Amino acid sequence: MEICEVIFSILPATGSVEGKVSQVDISPCPTQPCELHKGKSYTVNVTFSSDVDSQTSKALVHGVIAGVPVPYPIPNEDGCKSGIQCPIQKQKSYSYINELPVKAEYPSIKLVVEWELRDDSSKDLFCIKFPVQIVS
């Protein structure tokens, strides 16, 4: 099991394995938990430094509902097409930017989003968790 860094103090704090997160910006998200409106899209921007070299990076996103991770589709899984110039180099800082779309058919529910960016060895460059509430 990979270890995730928690963005808001609502969740227990942990760390990341292959990199270090220095900043996370989810917008628009003026309050906690983030209210995600159905039919809208949100920007997730993670600034991190890598502890390893990697030719590739791939994002995996899950909505954790009642402790069960459910795959959450995003438009682009390729981190190298999401603001990161690959190959990723050790000890360099990167800004990963992607979209979190909220489909109109999603239920109105509170959940935790778990967002991982994995290197070419399938280890986490970063893993973050943040609470959200999907609303109409």
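Analyst: The following account turns to the core, then to the aromatic pairs and the sheet. The model is a predicted one.

The largest nonpolar core has 31 residues, of which Phe48, Tyr96, Leu100, Trp115, Leu117, Phe126 and Phe130 touch the most other members. Two or more residues each are given by S2, strand S3 (34–37), S4, strand S5 (58–65), S7, strand S8 (110–118) and strand S9 (124–135). S9 supplies the largest share of the core, six residues. Beyond neighbours within four places in sequence, the contacts of leucine 117 include Phe48, Ile84, Tyr96, Leu125 and Phe126, as well as Lys58 and Asp124.

Across the whole structure there are five aromatic pairs. One of them joins tyrosine 72 and tyrosine 106 edge-to-face, at 5.5 Å centre to centre and 70 degrees between the planes. Tyrosine 72 lies in the loop between strand S6 (68–71) and S7, and tyrosine 106 in the loop between S7 and S8, so this pair ties together parts 34 residues apart in sequence. Tyrosine 72 counts as buried because its relative accessibility is 9%; tyrosine 106, at 16%, is buried too. Ring pairs also link Phe48, Tyr94, Tyr96, Trp115 and Phe126 into a cluster.

S2, S4 and S7 form an open sheet of three strands in the order S2-S4-S7, paired antiparallel. Strand S2 (19–27) and strand S7 (93–101) are its edges, each pairing on one side only. On average, neighbouring strands of this sheet are turned by 20 degrees against each other, direction ignored. Eight bridges join S2 to strand S4 (residues 41–50), and aspartate 25 stands opposite asparagine 45 in S4.

Notes:
Residues are numbered from 1 along each chain as its sequence is written. This is a predicted model: local features need pLDDT of at least 70, side-chain atom pairs count only at pLDDT 80 or more; totals for chains, interfaces and linings use all residues. Side-chain values use heavy atoms; hydrogens and water are left out. Two strands pair if DSSP finds at least two bridges between them. Helices (H or I, at least four residues) and strands (E, at least two) are DSSP runs, numbered from the N terminus. Axes are lines fitted to C-alpha atoms, for helices over the stretch in contact, and angles run from 0 to 180 degrees between N-to-C directions. A nonpolar core is a set of buried Ala, Val, Leu, Ile, Met, Phe, Trp, Tyr and Cys residues joined through side-chain atoms within 4.5 Å. Buried means under 20% relative accessible area, exposed over 50%, partly exposed in between (1.4 Å probe, protein chains only). Contact means heavy atoms within 4.5 Å. Rings of Phe, Tyr and Trp (its six-membered ring) pair if their centres lie within 6.5 Å; planes under 30 degrees apart count as stacked, over 60 as edge-to-face and the rest as tilted.
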